[in-house]
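Here is a short report for a reader new to this structure. Please look over the sequence and the model first.

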Amino acid sequence: MTEPMIKTDHLSHTYEDEDGKVVYALKDISLEIGKGEFVAIIGTNGSGKSTLAKHFNVLLTPTSGTCEVCGMRTDDPANIWKIRQHVGMVFQNPDNQIVAAVVEEDVAFGPENLGIPSDEIKARVSDALRRVNMTIYAKHGPHLLSGGQKQRVAIAGILAMQCDCIVLDEPTAMLDPVGRKEVMDTLHQLHDEGITIIIITHFMEEAVQADRVVVVDRAEMKMDGTPRDVFTHVKELKAMGLDVPVAAELAERLRQKGLDLPDSIITEEELGDALCRLS
Ligand SMILES: Nc1ncnc2c1ncn2[C@@H]1O[C@H](COP(=O)(O)OP(=O)(O)OP(=O)(O)O)[C@@H](O)[C@H]1O
Ligand SMILES: [Mg+2]
């Protein structure tokens with residue numbers, strides 16, 4: 001693996017419930033994400049995905065164990081701002097992330113707070129908007145944009161900070177299919193440029209597009225592998241209450257009906273090809 005962008009070592013995060021009982025939101029997570037990876041994190045509601053993501057840019061720190069970003073421990077307060085210049089977060093609701101009345105001002109907000117000179121900010125904003133394909137909206141009011149466009153503006157804000165890792169917590173959950181595709185296409189393009197992408201998603205068709213899928217279930221990491229490694233475990237995923245990509249599910253049902261299909265099918269193309277070979 002390449003140099004780690006994020007490394008957790010036996011990370012646990014606990015809280016106390018109303019009765020004072022200690023509950024694990026995350027339990028003993030040891031995970032290494034290399035620079036330049038594209039990782040999807042999946043898991044049912046309440047499994048701990050957001051809690052994990054919040055450790056990656058120090059919105060939370062471990063109750064026990066450690067989390068490091070680019071070799072810097074998140075529990076050292078001296079590292080917080082340095083870490084946040086590496087890792088930016090995008091959340092589910094596009095409307096909660098916009099702070100300015102004009103797109104380019106919104107993207108400039110982060111670097112302005114860092115005290116970057118204005119010429120440099122201008123260059124960063126125009127570069128960031130170009131990379132998310134939003135240049136023509138630079139002077140627009142963000143409230144007029146679609147959800148997918150707003151999420152791309154949020155991503156541009158992170159690029160303007162020159163972060164090299166973007167963590168997205170269900171960025172497409174509130175978007176229509178067109179917006180979802182726009183955001184995923186943007187993430188793939190940024191990944192090609194070398195940015196590390198970590199996306200939490202409930203859409204298995206998005207998780208299939210990652211290089212690596214991490215499955216969290218009831219506070220614990222249960223699987224970690226390529227989409228093919230993970231999504232061919234249809235029974236285990238279903239037992240956790242998770243969906244699998246439609247093609248993997250259909251292939252499994254057809255196998256149960258006696259069709260001789262390979263175990264490795266996870267995309268519609270692969271299923272189509274395998275069915276054609278049968279006839
Ligand atoms: N400080 C806290 N106080 C009370 N409960 C908490 C606290 N932190 C986390 N939890 C609980 O920990 C569990 C994990 O929450 P988390 O938000 O990380 O799950 P998630 O996988 O992101 O779920 P979802 O898919 O619904 O977004 C949940 O049951 C949540 O209610
Ligand atoms: Mg969540």
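Helix α1 is followed by valine 58, whose phi is positive, near 65°. Most residues other than glycine have a negative phi. Helices here are DSSP runs of H or I with at least four residues, strands are runs of E with at least two, and both are numbered from the N terminus.

The helix itself is largely enclosed by the rest of the structure, because 6 of its 8 residues are buried. Buried means under 20% relative accessible area, exposed means over 50%, and partly exposed lies in between (1.4 Å probe, protein chains only). The buried residues of α1 are Lys49, Thr51, Leu52, Ala53, His55 and Phe56.

## Basis of the model

This is a predicted model, in which local features need pLDDT of at least 70 and side-chain atom pairs count only at pLDDT 80 or more, while totals for chains, interfaces and linings use all residues. Residues are numbered from 1 along each chain as its sequence is written, chains are lettered from A and ligands numbered from 1 in the order in which they are written, and side-chain values use heavy atoms, with hydrogens and water left out.

## The chain as a whole

The chain has 11 helices and 10 strands. Along the principal axes, the C-alpha atoms fill a box of roughly 65 × 50 × 40 Å.

Of the 279 residues, 49% count as buried. The accessible surface comes to about 13,500 Å², and 50% of it belongs to carbon and sulfur atoms. Such areas come from the Shrake-Rupley method with a 1.4 Å probe; for residues, only the protein chains shown count as cover. Among contacts (heavy atoms within 4.5 Å) between residues at least 6 apart in sequence, 62% join residues at least 24 apart.

## Around ligand 1

Which residues surround ligand 1? They are Tyr15, Ala25, Thr44, Asn45, Gly46, Ser47, Gly48, Lys49, Ser50, Thr51, Glu170 and His202. Each has a heavy atom within 4 Å of the ligand. Helix α1 (residues 49-56) gives the most to this shell, with 3 residues. The shell divides into 2 nonpolar, 8 polar and 2 charged residues. Ala, Val, Leu, Ile, Met, Phe, Trp, Tyr, Cys and Pro count as nonpolar, Asp, Glu, Lys and Arg as charged, and the others, Gly among them, as polar.

Asparagine 45 has a polar side-chain atom 3.1 Å from a ligand oxygen atom. For histidine 202, a polar side-chain atom lies 3.2 Å from an oxygen atom of the ligand. Glycine 48 takes part through its backbone, where a polar atom is 3.0 Å from a ligand oxygen. Taken alone, ligand 1 exposes 640 Å², and the protein buries 57% of that.

## A loop and a buried glutamate

Two residues stand in the loop between β9 (212-217) and β10 (220-225): arginine 218 and alanine 219. Arginine 218 has a positive phi near 45°. Alanine 219 has a positive phi of about 75°, although it is not a glycine. Are they buried or exposed? Arginine 218 is exposed, with a relative accessible area of 65%. Alanine 219 counts as buried, at 4%.

Glutamate 252 is found in helix α10 (residues 246-256). This glutamate is buried, with a relative accessible area of 14%. Not counting residues up to four places away in sequence, glutamate 252 touches Val234 and Lys235.

Note on methods:
Polar contact = N/O pair within 3.5 Å; in protein donor to acceptor, adjacent residues only side chain to side chain.
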